[in-house]
Structures are given as C-alpha cells and as structure tokens.
Amino acid sequence: MLGNLHQKSIIHFIILIIFSSFYTSVHAAESKEGEPFNAGDMIMHHIADSHEWEFAKGFVAPLPIILYVSGDGFEVFSSKRIVKTGQYGDFVYDHGKIKHLDPEVSVYDFSITKNVAQMFLSIILILPIFLLVARNYKKRANQPPKGIAAVFEPIIIYIRDEIAKPNIGPKYERFMPYLLTVFFYIWFNNILGLLPGAANLTGNIAVTAVLAVITFIITQINGTKHYWGHIFNTPGVPWWLKYPLPLMPLVEVLGIFTKPFSLMIRLFANITAGHIIILSLLSLIFIFKSAYLSLVSIPFAVFMNFLELLVALLQAYIFTLLSSIYFGSAVEEHHEPEEKGASQSLI
Amino acid sequence: MLNLVLLNAGIALLGAGLGTGLVALAAGFGIGKIGTSAMEAIARQPEASGRVQLAMIIAAALIEGVALFGVVVCLMIVLNNTTTPA
C-alpha cells in the first residue's frame, strides 16, 4: 500500500515537471533581431493594455479601434492598420496612445482594447454559469440544488453567513447581489488573467477603480443619518477637535475617500505585482542567457503561479469583506454601549 | 552638468530600490508577528485553529496590501525616471 502511494507521488511529480516546461514557450520574449533582451519592456508589454491581442509570439489578433473626434464623429477601423505602421488616415499611434495629426484636435479613444476584449470573454464565461445557477434554484424551489448550483452554493452561503451577515447586520439582503457579483467577478478575472495569453484585467487600475467607485457610491447612498453624524460629529472626541477648527470632521471626510482608494490600490497592486514576479523570474533565463538557470527559475515560477491562485481568491475575499464592512458602517443603527462580557466577537 | 543630471536619476533609482527593500522588510516583520501569535493561539487551543487561521490570512492580506502600496510607488519612480537637463 505504501509502495503504491510512493509510485503515485513520483508520477505526479514527473507530470508537474513536464507541465512546467511548457511555460518557456508561451512567455517567449519578442525582440527584434540583434537587440539585447530588455526585461522591463517585455514585462510592461505583457502587463499593460494594448490595442491588439498577442496570444503568443506570432499570433496577434487585431482588435477594433473606435475613436471619437469631436466634430467628425466616430471612426472605426482595425488595429492592424495603425499599430505596425504608426499612422493611418489622420491618426498617429505613439506607444499605445492615439493622437490626431493636428495637435489641436482631441481624440477620444473608445477602442476595444485587449482588456475590454478580455472583459467580454470573462462575461461570456460568468453570465451563463450564474444564470444557470439562478435557474436551478428557481426550478428546484424547495429542494437542495443539484448540478452547477450545488458547486456554488457553499460559496454563496459562506459569503452570506460569514461576510455579509456579521458585518452588515439585519439589512444584509440589500447588498448581497453586489457582494456576490464583485466576489465572483474579481475571482474569475484574477484566475483568467493567470492563463498564458490572457489579458491582465484586474491588474488594470481603471477596472479596480470602477469597482472601488461602485463600492463608494453604494456606501454613501445607503448612509443613514447616524453614519453622517459619526463623520461630522464623531462621538467620544474632545470638542476642541471639532470647533473652531474642524480637524476631526476633515479627517473623517478624508477617510471616506481613502477607504475605496485603498481597495483599488490593494487589488491592482497585488495582481500586477504577482504577474511582474512571474514574468521577471522567467525573463531571468533570458537575461543570463543560460538554459540551466531554467531548472531553478521554472519551478520557482510554477510555485509563484500557485501562490497567485491563492492570491486571486484571497483578494476577491478581502475586497468583498471590506466592502461589506463599509456597508455595515453605513447602515449601522444606533446601539447603546454593551455590558462587559455580553459581547460576542465573531472571527 | 550631465553629471548632476545622471546623479539625480541614479539617486532616484537608489531610493526606489531601498524603498522596496524596506517595504518588503516591514511586511515580512509584520506578517511574521501575525504568524507567531496565530501559531501560539493554535497551540494553545487546537479546536479554534480554523478561526485563527482565517483571521491570520485576513490580517496578512491587509498588511500585504499596504506593502504593495509602497511597491507601486517605487515602481512609479522607476518607470517615470526621466530627467530633463536644466
């Protein structure tokens, strides 16, 4: 029995090593002939958004470029025409930015870039899954869920019972749709970004900014008088901090903005840093121009990839948890100070 | 003249490197403290290990968030490190 287990784990180990060897080909560096390998450029190229989608070296999918010039209306053309040549019609393409030949005219870029296309793909993945889950619950009204709903039910119940209810209190149902959406959206997009050839969606600060802004808006809209009272007239603070110089209200108002800001930076930095680490480890092979370094570099990169899988789930959880804490503080009812020993703390 | 310009650029990069190192050091120290207390708590009361582990992971993720603020700032220093001659 023990001999079987030993053989199995050896086979697993060999399969792991074989899989990890595939990583070298996919992240192949694209450099022009004769130019030294520039790790920084390669990493930035993989992390940043771009107007065309490069799945692997040589497989470049052109994406539509949609521009709005005030006065002339919309211009739509394929990115094939402008990225390589640098100019098409009235537009010049300079390091990812599209400008008009005439510097006075402002061009608004509404293109389907790599990140937008990745977002569409992830929507195509997420929407059917969760519509099926919802339909399953509706059809089997008073029975336990079967099939795909049974896969997601423990997670949904965990979000409801461990994240929403303890932090928001009795009014948690209002916020559940948003919390569930943001959790699965961030989780799926983090994981999809780790696939080779995929775009780094949650590592785009614009995307995380939008999520943080939505959390901010929901918090402020649901703020009770109690909440605003706490901000402009914080209880337990000496009077000379509030009048004549309203220091405490100023700090509290700043706090309203720094909390979603930290949500945005945390998600963006975690995911981007993870991608940069993996890409840096792999580009070490090219910097040292040694194939033997891959024996060290690739297992390390595989380990970092597994860590990134953990970080994907953890960052989604943290975003959802902190959002629910902010919602909870917004809808909090006034409660009398509790007796010592009567309070029960969860977590 | 060019010497001064290059010196400025070099010092900025030095600052970025030192900054990232300090941030990593601080994050490691902070998360180490969390790990220590979590392990002591689990050793004291193995039944509570699930809740203790959860709290440890949450606190570690929050500290990592702060550490990555610092990393982002240092990265911005490195990427925008262009100096125009006076």
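## Chain A at a glance

Chain A has 11 helices and 8 strands. Both kinds of element are DSSP runs numbered from the N terminus, with at least four residues (H or I) for a helix and at least two (E) for a strand. This is a predicted model, so local features need pLDDT of at least 70 and side-chain atom pairs count only at pLDDT 80 or more, while totals for chains, interfaces and linings use all residues. Residues are numbered from 1 along each chain as its sequence is written, chains are lettered from A and ligands numbered from 1 in the order in which they are written, and side-chain values use heavy atoms, with hydrogens and water left out.

The C-alpha trace of chain A spans about 80 × 75 × 50 Å along its principal axes. Of the 347 residues in chain A, 40% are buried. Here buried means under 20% relative accessible area, exposed means over 50%, and partly exposed lies in between (1.4 Å probe, protein chains only).

Now look at strands S5, S6 and S7 of chain A, which form an open antiparallel sheet in the order S5-S6-S7. The edge strands, S5 (87-88) and S7 (97-100), each pair on one side only. Two strands pair if DSSP finds at least two bridges between them. S5(A) and S6 (residues 91-94) of chain A have 2 bridges, in the antiparallel sense, and A:Tyr88 has A:Phe91 of S6(A) as its bridge partner. In general, strands of a sheet pair through backbone hydrogen bonds, either parallel or antiparallel.

Start with A:Ser122, which lies in helix H5 (residues 114-139) of chain A. A:Ser122 counts as buried because its relative accessible area is 0%. Leaving aside neighbours within four places in sequence, A:Ser122 is in contact with A:Asn189 and A:Leu192.

Next comes A:Pro246, in the loop between helix H9 (225-232) and H10 of chain A. A:Pro246 has 43% relative accessibility, so this residue counts as partly exposed. A:Pro246 and A:Phe232 are 14 residues apart along the chain, and their C-alpha atoms are separated by 8.6 Å.

Finally, A:Lys289 is in the loop between H10 and H11 of chain A. With a relative accessible area of 69%, A:Lys289 is exposed. Most residues other than glycine have a negative phi. A:Lys289 has a positive phi, near 50 degrees.

## Where chain A meets chain B

The contact takes 17 residues from chain A and 13 residues from chain B. Together the two chains bury about 1,300 Å², 84% of it on carbon and sulfur atoms. Buried area is the accessible area (1.4 Å probe) that two parts lose on being put together, summed over both. Across this interface the rule finds 0 salt bridges, a salt bridge being a side-chain nitrogen of Lys or Arg within 4 Å of a carboxyl oxygen of Asp or Glu.

On the side of chain A that touches chain B, the elements giving two or more residues are helix H10 (247-288) and helix H11 (294-330) of chain A. H10(A) provides the largest share, 8 residues. By class, this side has 13 nonpolar, 3 polar and 1 charged residues. Ala, Val, Leu, Ile, Met, Phe, Trp, Tyr, Cys and Pro count as nonpolar, Asp, Glu, Lys and Arg as charged, and the others, Gly among them, as polar.

How values were computed:
Contact means heavy atoms within 4.5 Å.
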